[in-house]
Amino acid sequence: MAEIIAFANQKGGVGKTTTAINLGASLASIKKRVLLIDLDSQGNASTGLGFVRSAYRQNVYDVIMGNGTAQDNILTTATPGLHLMPSSMMMAGAEAELYDLDNREYRLRDALAPLYEYYDYILLDCPPAMGFVTLNALTTANNVLIPLQCEFLSLQGISHLVNSVREIKNKWNPDLSVLGFLLTMYDKRYGQTRTAEEDVRKTFGDAVFKTVIPRNVRVSEAPSHGIPALFYDFDCPGAQAYLRVATEVVERLEKGE
Ligand SMILES: Nc1ncnc2c1ncn2[C@@H]1O[C@H](COP(=O)(O)OP(=O)(O)O)[C@@H](O)[C@H]1O
Ligand SMILES: [Mg+2]
């Protein structure tokens with residue numbers, strides 16, 4: 001059965017998409033079968049994996065709306081073992097549309113059910129909002145990974161997010177747990193980064209991944225080439241850090257079983 005991990009944080013620009021792509025590529029490189037689902041209407045995960053929007057028919061919007069099966073909306077990417085269910089511009093309207101639909105909290109979970117046997121990991125890249133789309137991701141997932149940008153950290157924002165996750169677990173998905181907090185765009189030259197790390201480790205302890213993701217220009221360049229950092233520059237510090245995070249993720253999930 002697939003482990004389903006949602007990458008969530010209501011804040012934009014914290015590294016959700018970058019982490020989904022690069023953790024996905026890292027897991028695929030250790031021979032896991034991975035599906036990345038792009039739930040953000042911005043489509044950054046789709047373009048980051050080389051798919052120009054509107055150039056393909058497959059998308060997650062149709063899957064959520066019941067216009068096609070999950071299996072029919074998957075693309076293979078240039079990374080062996082990593083598949084993509086792309087986003088669509090229509091996802092911008094999905095928030096409002098879901099509101100009036102039956103089964104509005106569980107549409108994604110139910111539509112993806114036929115895939116759970118096939119993949120080892122299903123990664124859900126969430127939009128930067130705590131609306132119905134993210135709710136659908138968090139009722140589908142059994143784990144949530146929360147990326148935190150070291151440079152502009154708000155502990156208050158994080159506790160708000162943790163409370164939302166707890167509420168969703170209580171109301172809609174008892175199987176949901178926080179897989180961990182990941183410090184992204186880490187730059188130890190900045191006092192701000194070090195303070196952020198101290199605060200987060202003091203507050204969340206072992207829930208924080210040991211590995212931090214350094215701020216690394218190669219990581220930010222890779223998406224414009226449509227490939228994960230691992231294939232753009234294998235040796236760059238960012239790609240290597242994501243490989244270590246993949247090992248931590250696998251270990252945590254094995255321990256949790
Ligand atoms: N480790 C990193 N080093 C340098 N730039 C990064 C790193 N992680 C993310 N970025 C850049 O920061 C921006 C926001 O990251 P992104 O993953 O899109 O965040 P989110 O999905 O949370 O909005 C992007 O331009 C991305 O390329
Ligand atoms: Mg994103």
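Met185 sits in the loop between S7 and H8. Helices (H or I, at least four residues) and strands (E, at least two) are DSSP runs, numbered from the N terminus. Met185 has a positive phi of about 50 degrees although it is not a glycine. Most residues other than glycine have a negative phi. Met185 is also buried, with 23 other C-beta atoms within 10 Å. Here, buried means 20 or more other C-beta atoms within 10 Å of a residue's own, exposed means 12 or fewer, and partly exposed is in between, with C-beta atoms placed from the backbone.

Lys31, in the loop between H1 and S2, has a positive phi too, near 70 degrees. Is Lys31 buried or exposed? Lys31 is exposed, with 9 other C-beta atoms within 10 Å.

## About the model

This is a predicted model, where local features need pLDDT of at least 70 and side-chain atom pairs count only at pLDDT 80 or more, while totals for chains, interfaces and linings use all residues. Residues are numbered from 1 along each chain as its sequence is written, and chains are lettered from A and ligands numbered from 1 in the order in which they are written.

## The sheet

Seven strands make an open sheet with mixed pairing, in the order S3-S4-S2-S5-S1-S6-S7. Strand S3 (75–76) and strand S7 (177–184) are at the edges with a single partner strand each, so one side of each has no neighbour in the sheet. Two strands count as paired if DSSP finds at least two bridges between them.

S2 (residues 34–38) and S5 (residues 121–125) run parallel, joined by five bridges. Within S5, Leu123 is the bridge partner of Leu36. Helix H6 (residues 132–140) packs on the sheet and touches strand S1 (3–7), S5 and strand S6 (143–149). Two residues are in contact if their C-beta atoms, placed from the backbone, lie within 7 Å. The direction of H6 makes about 150 degrees with that of S1; axes are lines fitted to C-alpha atoms, for helices over the stretch in contact, and angles run from 0 to 180 degrees between N-to-C directions.

Seven of the seven residues of S6 are buried, so the strand is largely enclosed by the rest of the structure. On one side these are Asn143, Leu145, Pro147 and Gln149, and on the other Val144, Ile146 and Leu148. S6 runs parallel to S1 over three bridges, with Ile5 opposite Asn143. S6 also pairs in the parallel sense with S7, over seven bridges, and there Leu145 stands opposite Gly180.

How many residues of H6 are buried? Nine of the nine are, so H6 is largely enclosed as well. Among them are Phe132, Leu135 and Thr140.

## Around Asp199

Asp199 belongs to helix H8 (residues 191–204). With 14 C-beta neighbours inside 10 Å, Asp199 counts as partly exposed. Leaving aside neighbours within four places in sequence, Asp199 is in contact with Leu153 and Leu155. Leu155 is 44 residues away along the chain, yet the two C-alpha atoms are separated by 8.0 Å.

## The shell around ligand 1

Of the 17 residues around ligand 1, Lys16, Thr17, Thr18, Val219 and Ser220 come nearest; a residue is near a molecule if its C-beta atom, placed from the backbone, lies within 6 Å of it. Helix H1 (16–29) and helix H9 (217–221) each supply at least two residues of this shell, and H1 gives the most, with three.
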